[in-house]
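Please look through the sequence and the structure shown here before reading on. The report is meant to be read with both in view.

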Amino acid sequence: MSNDRPERYINPYTDFGFKKLFGTEMNKDLLISFLNALFNDTRREIEDIEYLNGENLGDGYGDRRSVFDVYCKASDGSRFIVEMQKAEQSYFKDRSVYYATTPIRQQAPKGQWDYHLDNVYAVGILNFEFSHGEYPADSYLHVIKLKDVEDNHVFYDKLTFIYLEMPKFIKTEDELETMFDKWMFVLHNLYRLLERPKALQDRIFQKLFDQAEIARYSDTERRQYEESKKMFWDNFSVIKTAREKGKAEGIAEGIAKGIEEGLQQGREEGLQKGREEGLQQGREEGLQKGREEGREEEAISVALKLKSMNLPIEQIAQATGLSIVQITSL
């Protein structure tokens, strides 16, 4: 990616671009079309939405503030949080769950209540892939619900998390079949395009390209977009640098660890080999010493017999190999 190439259309991964296309009353038909394409036949079609305040300050002093990219309610009461997530965070899933509590808690009226809740959907458009290969390389749409771990049935179907791993979407224009494919393609490639693709002839995309064309913006909007784009690319650069640094540090750490493990293994193998060689040498020396001691004991036994026969000490020494002193002391 480069931020130096000419652009005709805005980048929806920027804060300005995403909210311009999906967060304004005049463009709510774009959001409705996107959500209907996303859900397809999994729920009845959304006909209208009402934008809600995307900034939640909590229920009291000290409560943590949460800010949503787009927060809206459909005519059937269902609530949607739609966020463009530009970079992976350490506790991204925790953040998603925490954010989903806002539209849940806001449904509670004052006074007596039977705890009935409308549907809540948290939609994350991710400009990154989940780490550690959590999903297959060709799987980019993930629908998460509360399920029973024993038989896998949906325990509670009113809370849904939907994640789109955008970098995994690699379909070309010729491969676009469904409305969902088209939305994925345009979100992922909009700022790279210089012309409206032939596959995107639906009326809704005509409006999207009109709203995304930078030349139509006022001077103020252009400045706002440039500032938002600069933040996006700065963030991208920081992340890229951190990854490269982490990779380099990981390689260095791996080499150091490899050397350390190699030395340790060498020590252990050397110690083991030393033990084996020492044991073998000990056996041989012990055997040799045992043989020598055995021969000496046999010679003493023979000398004692010859001595009892009153043979001269010199002859006994010659026959047994013992010294005259040894024989005399027997």
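## The chain as a whole

This is a predicted model, and the secondary structure of its protein chain comes to 8 helices and 8 strands. The chain has 330 residues, of which 35% count as buried. If we take the contacts between residues at least 6 apart in sequence, 58% of them join residues at least 24 apart.

In soluble globular proteins, nonpolar side chains tend to be buried together. In this model the largest nonpolar core has 53 residues, and those with the most contacts inside it are Phe 22, Leu 31, Phe 34 and Trp 183. The largest share of this core comes from helix H2 (residues 28-39), which supplies 8 residues. Apart from this core lies another one, of 10 residues, including Phe 92, Ala 100, Leu 126 and Phe 161.

Leu 31 can be followed in more detail: when its neighbours within four places in sequence are left aside, Leu 31 is in contact with Phe 22, Ile 49, Tyr 51, Val 70, Cys 72 and Val 82.

## Helix H4 and its surroundings

Helix H4 (residues 179-189) is mostly covered, with 10 of its 11 residues buried. Among these buried residues are Phe 180, Trp 183, Phe 185 and Leu 187, but also Asp 181 and Lys 182. The buried residues of H4 pack against helix H1 (15-22), H2 and H5, and also against the strands S6 (120-126), S7 (141-147) and S8 (154-165).

Two packed helices are described by the angle between their axes and the distance between the axes. For H2 and H4 the angle is about 125 degrees and the axes are 8 Å apart, and the two helices are therefore oblique to each other. H2 passes H4 in a left-handed crossing. On the H2 side the contact is made by Leu 30, Ser 33, Phe 34, Ala 37 and Leu 38, and on the H4 side by Met 179, Phe 180, Trp 183 and Leu 187. These contact residues divide into 8 nonpolar, 1 polar and no charged.

H4 and helix H5 pack at an angle of about 10 degrees, with their axes 12 Å apart, which makes H4 roughly parallel to H5. Here Met 179, Lys 182, Trp 183 and Val 186 of H4 meet Ile 204, Phe 205, Leu 208 and Phe 209 of H5, a set that divides into 7 nonpolar, no polar and 1 charged. H2 and H5 (residues 203-212), in turn, pack at an angle of about 130 degrees with their axes 10 Å apart, which makes H2 oblique to H5. In this contact, Asp 29, Leu 30 and Ser 33 in H2 meet Ile 204, Lys 207 and Leu 208 in H5, and the residues divide into 3 nonpolar, 1 polar and 2 charged.

Glu 213 and Arg 8 are 205 residues apart along the chain, and their C-alpha atoms are separated by 5.8 Å. Leaving aside its neighbours within four places in sequence, Glu 213 is in contact with Arg 8 and Tyr 9.

Technical notes. Residues numbered from 1 in each chain as written. Predicted model: local features only at pLDDT ≥ 70, side-chain atom pairs only at ≥ 80, totals over all residues. Heavy atoms only, no water. Core = buried A, V, L, I, M, F, W, Y, C linked by side-chain atoms within 4.5 Å. Buried < 20%, exposed > 50% of the residue type's maximum accessible area, 1.4 Å probe, protein only. Helix = DSSP H or I, 4+ residues; strand = E, 2+ residues; numbered from the N terminus. Contact = heavy atoms within 4.5 Å. Axes fitted to C-alpha atoms, helices over the stretch in contact; angles between N-to-C directions. Parallel < 35°, antiparallel > 145°, perpendicular 65-115°, else oblique. Nonpolar A, V, L, I, M, F, W, Y, C, P; charged D, E, K, R; others polar. Left-handed = near helix turned anticlockwise from the far one by under 90°.
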